[in-house]
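Q: Can you walk me through this one? I'd like to start with the overall picture and then go into details.

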Amino acid sequence: MRTVNGNFQDILVQVRADTNTGESVFISGNTKELGEWKVSQAVQLNKLYPEGNIWQGVVSVPSQQNLQYRYLVCAVVENEGKYENVVRHWESHLKPRILRPMECNENKCDLDTFGFQDDVESIAKGWLTSETVVQFKMYNSPVTIWKRRYREKPISLHVTTIDITRKDSVTEMIGLEEDSTLTERPAESWPIVEVAKMNDCNWEFCKQTQFGIMYDPGEYVIFQVQMLKPESIAYMVDFYVHDSEVPEHIGFCYILPSNMRDTSGTCNMPISGKRQQPIGQLSVDYLIIRPMKDFVCDLSVTYAKHWKTIDKKHLDVGHRGAGNARRNDKVENVLENTVASFNYAAKHGADMVELDVQLSKDLVPVIYHDYYICISMKKKRSTNEHELLQLAVKDLTAQQLRMLKLSPAVADLAKLQFHEDDSDDNQPFPTLKHVLEAVDPSVGVNIEIKCPMQYHDGTWELDIRFEMNSYVDIILRDILEYAGNRFILLSCFHPDICTMVRLKQNKYPLLFLTQGETIKYPPYLDTRTASIPMATHFALNTGLLGIDVHAEDLIRDPSHIPFVKDHNLILFCWGDDINHSDVIRSLKEQGVDGVIYDKVDEFTRAQENVFLVEAKARMGLLELAGQAADNLSTWSSTSTN
């Protein structure tokens, strides 16, 4: 229905969308009337029929302006007398819908289907706006049952949230202790509790069944909870034995906010039985993810699940720029992870450059691969002129890192010597901001976010002291502020950092880095890193663009390539095994989307990166369009005369 009112038109919009309890459909667009892409100002639609799935609303738009818009599904949550819109799902097509007001019928516009444009479906999960996400990760046999009666029987787990600031919730907790035969909790729409398993069938987060999920000590399970005030929420984990038609409730345990003092950690909680006696123990890893501070992502555009449709299907990515270590085989004599190295790679055909970013002591994102450096120091009364003192990058400020005389913390020191007479662009530790501003804007950048992880033997790569939410926020803020229009691809080995990056922003795509099955590196404790199938399931679960795997896995077992591709994920690979022209060619022919390797100038025949070629092609089309317009104008003028 179209009603003209001066310079504005009131237009009826209708969309078919399935929602859950507590969710509503909204519309957001490029006009002030539709909130200018801000979630908090999106316009809520109403159900046409209470039991149906058609949502509609009347929007007021300028009569002569094309309307760009998207639909989104939000949970509407009350918070201190106000209502918050929490994005559950939203339309994530690269280009938004377009509504041309003058083309609408007098009665109504076409009925849209949520997530579909021209029969192409693109729906993304929401990102954090005002809510917090808490994850409980269970793996490596997290449940121990001491009571012999239940030890060998199938068990299920169910997680319930309890608001400890409400008196009725505290009463409920006390009542449950007295009556442990309760088999079902009352369903509420908020907070939202979902669960997933890292396997081929259950990787997607979904609501729990009445008795939760069946426990398998060898599986990786993630319970995910969305809430507004994590400090007020406790968690009850119920345990059921399935040895009869009706499962028997055998015990429970509580996870309190006070048990989770840090951003991440491990909780070991006793399981209480029917008579309040301990019957076992639950061990879970937790992760608390908060929204970015002082930065609001909007609905205008997302590249998170989009891969460029380009003539060149397989991208050549310069490892740390022109290659690992110092390239002294060329005139430029460039050092890895420097502006000079990135620009050299860009000039010699690299479609993207890969770099490593971590934080200095004063919380500046700097580019460097290793967690440690060696400072060259003179020793008194020694025949050796220098000794090397190892320090962590995180223990020095950005200015100190740039000023120190350094040696790399590697065994083969000769391959990566730093020279004081190098140009400024060929010095180590450039800031991320400087790289994004100084490197050729036509080349794509694969930014690996460094974050130390725990090995399977219990040791750590580095004792990191930064709070993980702040660590990620600082790096993301520089990327979002200074990346401009260049193609950005994020990656990380740490699964929890990947989860954080995905939930904190909705703009840039992300790859999960994994070393998989190898004897070249020690295994990590988190089994999501253990194999390509596990990495694939985690990427699907988290909504990532794809995975970036150690090439040794692909060379040993090429069937991994179609496995990843069949799951509609982008596949990159890295590793020393790639540094041969025949290996690079073979991996591309088998379907790998991006290959990260050293000496990209020697192994690619391209003289220009694909993004520069595309930009020139677009400029050529614009010039042709301009010439055609000039010719039309000349012809029109001549005809008139």
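This is a predicted model: local features need pLDDT of at least 70, side-chain atom pairs count only at pLDDT 80 or more; totals for chains, interfaces and linings use all residues.

Q: How many helices and strands are in the protein?
A: There are 13 helices and 38 strands.

Q: And what share of the residues count as buried?
A: Of the 641 residues, 53% are buried. The exposed surface comes to about 30,400 Å², with carbon and sulfur atoms supplying 49% of it.

Q: What about contacts in the protein, how many join residues at least 24 apart?
A: Taking contacts between residues at least 6 apart in sequence, 69% join residues at least 24 apart.

Q: On to pockets. How much space lies in the largest pocket?
A: About 1,300 Å³.

Q: Which residues lie nearest its centre?
A: His-89, Ile-123, Ala-124, Lys-125 and Glu-204, out of 46 lining residues.

Q: Which strands and helices supply at least two residues of that lining?
A: Among them are strand E8 (82-91), strand E13 (123-125) and strand E14 (132-138), along with helix H7 (495-504) and helix H8 (532-542).

Q: How do the lining residues divide into nonpolar, polar and charged?
A: The lining has 19 nonpolar, 16 polar and 11 charged residues.

Q: Is Cys-492 buried or exposed?
A: Buried, at 2% relative accessible area. Cys-74 also counts as buried, with 0% relative accessibility.

Note on methods. Residues are numbered from 1 along each chain as its sequence is written. Side-chain values use heavy atoms; hydrogens and water are left out. On a 1 Å grid over the protein atoms alone, a cavity is a set of points where a 1.4 Å probe fits but cannot get out, and a pocket is an open set with protein on both sides within 12 Å along at least five of seven lines; lining residues have an atom within 4 Å of a point. Grid points are joined across faces, edges and corners, and a volume is the space filled by probe spheres set on the points. Helices (H or I, at least four residues) and strands (E, at least two) are DSSP runs, numbered from the N terminus. Ala, Val, Leu, Ile, Met, Phe, Trp, Tyr, Cys and Pro count as nonpolar, Asp, Glu, Lys and Arg as charged, and the others, Gly among them, as polar. Buried means under 20% relative accessible area, exposed over 50%, partly exposed in between (1.4 Å probe, protein chains only). Contact means heavy atoms within 4.5 Å. Accessible areas come from the Shrake-Rupley method with a 1.4 Å probe; for residues, only the protein chains shown count as cover.
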